[in-house]
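Here is a briefing on one protein model. It covers a sheet, a helix packed on that sheet, and the nonpolar cores.

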Amino acid sequence: MHFFNFGSLNRRLALLVILSVLPAMIVMVYSNIEQRRHLIEDAKKDVSRLTNAMAVEQQKTIIAARQILSTLSAIPEIRDLDIPRSREILTSVRRHYSQYIYMALTDLNGEILVESGSYPDADRAGGFRHNKEALARRKFSVGEFIIPGPGDGAAVFSCANPVLDKSGQPKAVLSIGISLSGFATFDLVPTLPERSFLAVTDHRGIRLYYYPPQQATNPIARPINPGNWAIADRKRKPGIFMSKGSDGINRIFAFEPLRISADEEPYMYVWAGLPETDVVAQANISLARNLFLIVLSILLATFIFRVIGKRTILAPIQALVDLTEKYGRGNFTARSKFEKQSGEFGSLTKAFHNMAQTLHWTQKELRENEARFRHLMDSVDALVYVADMDTHEVLFINAYGKKLLGEATGKICWQTIQSGQEVPCDFCTNKDLLDENGKPVDGCTWEFKNTATGKWFHIRDRAITWPDGRIVRLEVATDITERKENELAKDALIEELEKALSEIKKLRGILPICSFCKKIRDDKGYWNQVEVYIKEHSEADFSHSLCPDCAKVHYPEYMDANGKIRKSK
């Protein structure tokens with residue numbers, strides 16, 4: 001038990017050590033969160049600048065291509081469809097622009113008249129969108145991306161410009177195919193974290209370019225992650241978000257749509273992505289390092305506490321715990337060796353000793369007072385008991401009560417002192433012993449016939465404060481059975497005499513009697529025989545006989561001249 005308490009206290013103090021460094025940990029974690037947030041914000045700015053640089057570069061490429069095609073379309077040799085001279089001109093121009101995969105001059109039927117470089121899928125030249133829109137709109141147009149065959153590299157972005165005759169009618173189409181692989185030469189690319197990427201999609205979310213190449217997870221000519229494309233397609237303007245890519249890596253994505261003019265739909269989207277884990281790697285390393293130092297500090301502080309604190313804190317506390325347990329068992333003479341120690345523990349130990357001495361004296365005095373109280377109550381020739389007013393537990397009963405009812409201490413009063421009770425007595429006076437604030441008031445006096453003994457008692461109840469501080473009920477009940485029985489007998493005799501006297505007074509009153517039949521009228525108006533009325537209104541009874549006069553009248557044959565019954569012969 002002692003070891004458990006010691007360990008419990010040990011753990012609590014160790015927890016206190018940990019809690020003391022908790023604010024530093026919170027500040028450190030908060031600083032790391034802020035650092036991560038700043039790193040992510042900086043990364044968002046970087047990736048946004050990268051996509052903007054790609055968009056600007058692509059727009060420059062488109063503007064240059066537009067200017068070149070417009071200039072070439074106005075050259076007489078090309079306008080007159082001079083095949084040899086047109087081939088020389090296109091070959092010369094392409095030689096100076098290495099990003100141009102091909103340059104071609106096609107007629108209105110889509111037949112290639114002049115070709116410099118390799119025109120992808122030449123048989124479909126007339127059906128490509130850029131050629132068809134250039135003829136229909138009679139101005140510069142961009143078209144679908146052309147995906148070369150396997151092993152041919154990145155997609156080719158094509159644009160076209162119509163060749164008009166002197167009347168302004170189109171007579172041919174001049175087109176250029178631009179390679180998208182030039183994005184890999186950006187100055188910012190080498191500084192990007194590992195697993196970063198640059199990409200280009202068309203206006204439907206089809207991947208046209210991805211650097212560095214990841215054919216297994218990010219193949220060319222395949223749709224990008226549908227969720228990511230939905231964000232870009234819904235926004236239709238530059239944006240940044242954090243999501244998972246097609247390769248399953250969480251990244252910070254930035255995108256920017258490109259348009260030929262502000263009122264047209266995007267024809268291309270440029271993308272860039274930075275891996276989230278690499279962006280916050282430095283913050284994670286810093287957090288791990290700081291956490292390691294904090295944990296190391298906690299372990300060191302705990303070790304120091306166990307070595308020094310055990311002797312200076314835990315041992316005195318355990319001694320006080322042991323001392324308290326001894327006091328709890330009533331051993332108030334126990335003392336601790338730490339009484340002579342200076343500081344708070346020495347003062348606390350002295351206070352414990354003084355408390356024990358005071359408790360010892362107080363307990364001795366309580367025992368003496370209790371002995372005097374019991375002696376006094378046992379000498380009283382009446383039932384005296386004390387009961388808890390809430391639980392109805394009998395806390396004390398004197399010798400008179402034990403002789404009358406048996407040992408009731410610790411039992412319930414209404415089950416022991418009374419009989420036949422299943423619930424607290426409905427005649428209990430507890431409610432009359434306290435005021436509305438729960439304070440004792442003057443007691444009450446009453447008489448009651450005990451249901452357990454059948455004896456009558458004169459009872460005096462009042463609420464008092466018990467030694468443990470609770471309010472209890474004190475009852476003193478004096479046996480008045482003999483007096484009560486005499487009073488009841490006297491009351492019965494008086495009642496009987498009063499009843500007889502009342503009836504006698506009735507017979508002395510004026511009685512209405514018939515002048516002829518001699519019947520008497522009662523209080524209810526009925527006429528009764530004289531003997532019946534007297535019998536009901538007195539204790540007299542009647543036995544019937546014959547007077548001499550009536551006998552001579554009614555039975556003359558049995559009577560002599562003197563009115564006596566004649567003797568038989």
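**Sheet, helix and cores**

Five strands make an open, antiparallel sheet, ordered β7-β6-β10-β9-β8. Strands pair if DSSP finds at least two bridges between them. Helices (H or I, at least four residues) and strands (E, at least two) are DSSP runs, numbered from the N terminus. The model is predicted: local features need pLDDT of at least 70, side-chain atom pairs count only at pLDDT 80 or more, and totals for chains, interfaces and linings use all residues. Residues are numbered from 1 along each chain as its sequence is written, and side-chain values use heavy atoms, leaving out hydrogens and water.

- β8 and β9 (residues 250-258) run antiparallel and are joined by six bridges.
- Lysine 244 sits opposite asparagine 250 of β9.

**Helix α5 on the sheet**

- α5 (residues 226-235) packs on the sheet and touches β6 (197-202), β8, β9 and β10 (268-275); contact means heavy atoms within 4.5 Å.
- The direction of α5 makes about 130° with that of β10. Axes are lines fitted to C-alpha atoms, for helices over the stretch in contact, and angles run from 0 to 180 degrees between N-to-C directions.
- Asn228, Trp229 and Ala232 are the buried residues of α5. Buried means under 20% relative accessible area, exposed over 50%, partly exposed in between (1.4 Å probe, protein chains only).
- Seen down the α5 axis, the buried residues fall within an arc of 95°, so they line one face. The arc is that of the directions from the helix axis to the C-beta atoms.
- Pro226 and Arg234, on the other side of α5, are exposed.
- Asparagine 225 caps the N-terminal end of α5, with a side-chain oxygen 2.9 Å from the backbone nitrogen of glycine 227.
- Arginine 236 follows α5 and has a positive phi, near 60°.

**Nonpolar cores**

- The largest nonpolar core has 46 residues. Such a core is a set of buried Ala, Val, Leu, Ile, Met, Phe, Trp, Tyr and Cys residues joined through side-chain atoms within 4.5 Å.
- Leu72, Phe157, Ile176, Leu180 and Met268 have the most contacts inside this core.
- Helix α1 (residues 2-74) gives the most to this core, with 11 residues.
- A second, separate core has 21 residues, including Val394 and Cys413.

Note on methods. Polar contact = N/O pair within 3.5 Å; in protein donor to acceptor, adjacent residues only side chain to side chain.
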